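Subject: Structure for you to look over

Dear colleague,

I am passing on the structure that we spoke about, and I would be glad if you opened it beside this message while you read. My notes on what was found follow directly below it.

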Amino acid sequence: MVLLYTSPGCASCRKAKQWLKDNNIEFVEKNIFTTLLNKEEIKYILSRCENGTEDIISVRSKAFMALKKDINDLSLNELVELIQKNPSILKRPILISKQNLVVGYDSDEITTMIPSELRNIISNACTGECPSFELCGNVSKEISVRP
């Protein structure tokens, strides 16, 4: 199961949603403007970021610059409240699964949303006897080298 945080009019969000559908990956979509993100949820998202706020806060966005805040001066609680009141400062889409967090739509990175057990099946399923090996064999090699 994947949590997909989106916003209306976001082309990358539409691409991510379609990719999840095309790959039969179950997801729950949360529009960050119509669904209030609770404090625990925001803290959880922040805790999953490898590079801290840099991963999910768009400091160059008009919305963030209009706030006239220095992100480094904020406590965790202040940051959580800031995100809650101004969800447009979040980069989108945000995809969270049990093992992975992907921010934005990247055609390579999003493949980490495929569960590892399914990646193993894919990598073992396509052999030289397969009529589509030239296509799917290369794809499965790419997927199998990812964590």
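The accessible surface of the chain comes to about 9100 Å², and 50% of that belongs to carbon and sulfur atoms; accessible areas here come from the Shrake-Rupley method with a 1.4 Å probe, and for residues only the protein chains shown count as cover. Please keep in mind that this is a predicted model, in which local features need pLDDT of at least 70 and side-chain atom pairs count only at pLDDT 80 or more, while totals for chains, interfaces and linings use all residues. Residues are numbered from 1 along each chain as its sequence is written, and side-chain values use heavy atoms, with hydrogens and water left out.

Of the 147 residues of the chain, 35% count as buried, where buried means under 20% relative accessible area, exposed means over 50%, and partly exposed lies in between (1.4 Å probe, protein chains only). The secondary structure comes to six helices and four strands, which run β-α-β-α-α-α-β-β-α-α from the N terminus on; helices (H or I, at least four residues) and strands (E, at least two) are DSSP runs, numbered from the N terminus. Among the contacts with a separation of 6 or more, 63% are between residues 24 or more positions apart, a contact meaning heavy atoms within 4.5 Å.

Helix 1

Helix 1 covers residues 11-22, and its 12 residues should span 16 Å at 1.5 Å a residue, which agrees with the 16 Å between its end C-alpha atoms; the expected span is 1.5 Å times one less than the number of residues. Within helix 1, the residues C13, A16, W19 and L20 are buried. They lie on the same side of helix 1, because they cover an arc of only 125° around the axis, the arc being that of the directions from the helix axis to the C-beta atoms. As background, an α-helix has 3.6 residues a turn, so residues three or four places apart point the same way. The buried residues of helix 1 pack against strand 1 (2-6), strand 2 (27-31) and strand 3 (94-96). After helix 1 comes N24, which has a positive phi, near 50°.

Salt bridges

How many salt bridges does a search of the whole structure find? There are three, a salt bridge being a side-chain nitrogen of Lys or Arg within 4 Å of a carboxyl oxygen of Asp or Glu.

One of them joins the side chains of E29 and K17, at 2.8 Å from N to O. This pair links distant parts of the chain, with E29 in strand 2 and K17 in helix 1, 12 residues apart. E29 is partly exposed at a relative accessible area of 36%, and K17 is partly exposed as well, at 26%.

Another joins the side chains of E41 and K30, at 2.6 Å from N to O. Here too the pair links distant parts of the chain, since E41 is in helix 2 and K30 in strand 2, 11 residues apart. E41 is buried, with a relative accessible area of 11%.

In the remaining salt bridge, E81 pairs with K39, and the closest N and O atoms are 3.9 Å apart. Because E81 lies in helix 4 (residues 76-85) and K39 in helix 2, the pair ties together parts that are 42 residues apart in sequence. E81 is partly exposed, at 35%, and K39 is partly exposed, at 39%.

The surroundings of E29

Leaving aside residues up to four places away in sequence, E29 touches L4, T6 and K17. The side chains of E29 and T6 are joined by a polar contact of 2.8 Å, a polar contact being a pair of N or O atoms within 3.5 Å, where within protein one must be able to donate a hydrogen and the other to accept it, and residues adjacent in sequence count only if both atoms are side-chain atoms. The C-alpha atoms of E29 and I94, which are 65 residues apart along the chain, are separated by 10.0 Å.

S61

Finally, S61 is found in the loop between helix 2 (39-47) and helix 3 (62-67). S61 is buried, with a relative accessible area of 16%. Its side chain reaches the backbone oxygen of S58 at 2.8 Å, and a polar atom of the S61 side chain lies 3.1 Å from the backbone nitrogen of F64.
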